[in-house]
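Please open the model in your viewer and follow the stops below in order.

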Amino acid sequence: QVQLVESGGGLVQSGDSLRLSCAAATRTLSSYCMGWFRQAPGKEREFVAGITRFGSGKYFADSVKGRFAISRDNAKNTVNLQMNSLKPEDTAVYYCAARAGAWVSTNEKDFDSWGQGTQVTVSS
């Protein structure tokens, strides 16, 4: 496991952008595939985006494809989620997650470590 802390959430209007960051307390972030999940009130936690250990593979949920971008900087021990053209349906608590290994997963049960989450609210 690795300690993860998300930041960058807030209240924005439809069409605005936000950049979420995830700081990891490890010197070996390249050992982990990273993912972003989100959970709205009363709904199941869902996969948003994932990135392989060295950033060569990036994956997105259909609902955010073309609007969101994921990146990582292993030297700085950070993972980012750039969110553009935000919609009210993007409103949720966003979680950063880490999975030891080489393969990205869209299943939350495959991830070992989780941050506490950061709230993103998009008004109409």
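A disulfide here is a pair of cysteine sulfur atoms within 2.5 Å.

This is a predicted model, in which local features need pLDDT of at least 70, side-chain atom pairs count only at pLDDT 80 or more, and totals for chains, interfaces and linings use all residues. Residues are numbered from 1 along each chain as its sequence is written, and side-chain values use heavy atoms, with hydrogens and water left out.

Next, select Cys 22 with Cys 96. They form the one disulfide of the structure, with 2.1 Å from S to S. The link is left-handed, at -80 degrees about the S-S bond. Cys 22 sits in strand β3 and Cys 96 in strand β9, 74 residues apart; strands are DSSP runs of E, at least two residues long, numbered from the N terminus. Cys 22 is buried at 1% relative accessibility, and Cys 96 is buried at 0%. Buried means under 20% relative accessible area, exposed over 50%, and partly exposed in between, with a 1.4 Å probe and protein chains only.

Select Asn 77, in the loop between β7 and β8: its phi is near 60 degrees, a positive value in a residue other than glycine. Asn 77 is buried, at 17%. Then go to Ser 85, in the loop between β8 and β9. Ser 85 also is not a glycine and has a positive phi, about 50 degrees, but Ser 85 is partly exposed at 41%.

Key: Helix = DSSP H or I, 4+ residues; strand = E, 2+ residues; numbered from the N terminus.
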